[in-house]
Amino acid sequence: MWHIIKAEFEYHKFSMALALIVIMGLDIGILGWGWTGIRPDIPGIYTIMAVVVVVLWFFRIVRMIKEKTERYHATLPIARGEIALARLLVIDLFWLTVFVLFWILFLIIRPQSFQLSIIWYSLSVTGILVAVNAYPFIHRDLFYCFTGLYQKVILTFIYVILLLLATLLFSLTAIQRYFPDVPLDSAVPLHASFAELTWMPIGALFFLMLGFGLSYLSLIVFQKRKHYLE
């Protein structure tokens, strides 16, 4: 398993190094010179970090599909569970690196601004990123578990709905600012509750459980696939 992870990091070493440089540069800039307060800046910093990681995740997924990486891994003398875990851990470990670097910079540059709520927010975002990393793999593997046309249509419909809901939830503020005529007032309370939950211990626990739960489900579904050839 670790050989697969090592090979993935080796393959993406340039893009990962570039991503770390961008993230650290922006973090230093915001913490050192652009800091205005915890509530406006911590979400901004984590949004930047998450976007960079998601972009890296997207290009990795495209490369896996294009090069049929799963087909190759399925031929290796490695347990299916280990293959599934390695597939998840590449991005999870990269995010862990980003997470640790942020806290090192924060404690060096802004130690006087430390509050426990920042830890809860950090863990909440971590849980969300772990879930975002796992769910597309679950969806992809389900396509190889349920091979009927109608089953695939239903899976695609569910995936699109979840994607639209997640996009709306995370971009509601921007939509209201730049497209004020869009009738989204009913979603504002939900967005506010969601945002506040991320700063609370119960929110951190919920999102971490969501992330780890989906990751575990991904391991199970991968091993239930009917075949591993795209």
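Modeller: Let us begin with helix α1, which spans residues 2-11. The model is a predicted one. Within α1, the residues Ile4, Ile5 and Glu8 are buried. Viewed along the axis of α1, these buried residues fall within an arc of 100 degrees, so they line one face of the helix. On the other side of α1, by contrast, Trp2, His3 and Lys6 are exposed. The cover over the buried residues of α1 includes three helices, namely α3 (38-66), α4 (69-74) and α5 (80-109).

In the whole structure, a search finds 11 aromatic pairs. One of them joins tyrosine 46 and phenylalanine 102: the ring centres are 4.9 Å apart and the planes stand at 65 degrees, so the pair is edge-to-face. Tyrosine 46 and phenylalanine 102 are both buried.

A further edge-to-face pair is formed by tryptophan 103 and phenylalanine 114, with 6.1 Å from centre to centre and 65 degrees between the planes. Here tryptophan 103 lies in helix α5, whereas phenylalanine 114 lies in the loop between α5 and α6 (116-145), 11 residues apart. Tryptophan 103 has a relative accessibility of 12%, and because buried means under 20%, it counts as buried. Phenylalanine 114, at 38% relative accessibility, counts as partly exposed, because that value falls between the limits of 20% and 50%.

Trp35, Tyr46, Trp95, Phe102, Trp103, Phe106, Phe114, Tyr121 and Trp199 form one aromatic cluster. Over the face of tryptophan 199, a member of that cluster, lies arginine 39, at 4.3 Å from the ring centre. Another such arrangement returns us to α1, whose residues 2-11 include tyrosine 11: arginine 63 lies over the face of tyrosine 11, at 3.9 Å from the ring centre.

Finally, consider serine 218, located in helix α9 (residues 201-224). With a relative accessible area of 0%, serine 218 is buried. If its neighbours within four places in sequence are left aside, serine 218 is in contact with Arg87, Leu88, Ala134, Phe137, Ile138 and Asp141.

Definitions and conventions
Residues numbered from 1 in each chain as written. Predicted model: local features only at pLDDT ≥ 70, side-chain atom pairs only at ≥ 80, totals over all residues. Heavy atoms only, no water. Buried < 20%, exposed > 50% of the residue type's maximum accessible area, 1.4 Å probe, protein only. Helix = DSSP H or I, 4+ residues; strand = E, 2+ residues; numbered from the N terminus. Arc of directions from axis to C-beta. Contact = heavy atoms within 4.5 Å. Phe/Tyr/Trp six-rings, centres within 6.5 Å; stacked < 30°, edge-to-face > 60°. Lys NZ or Arg CZ within 6 Å of the ring centre and 35° of its normal.
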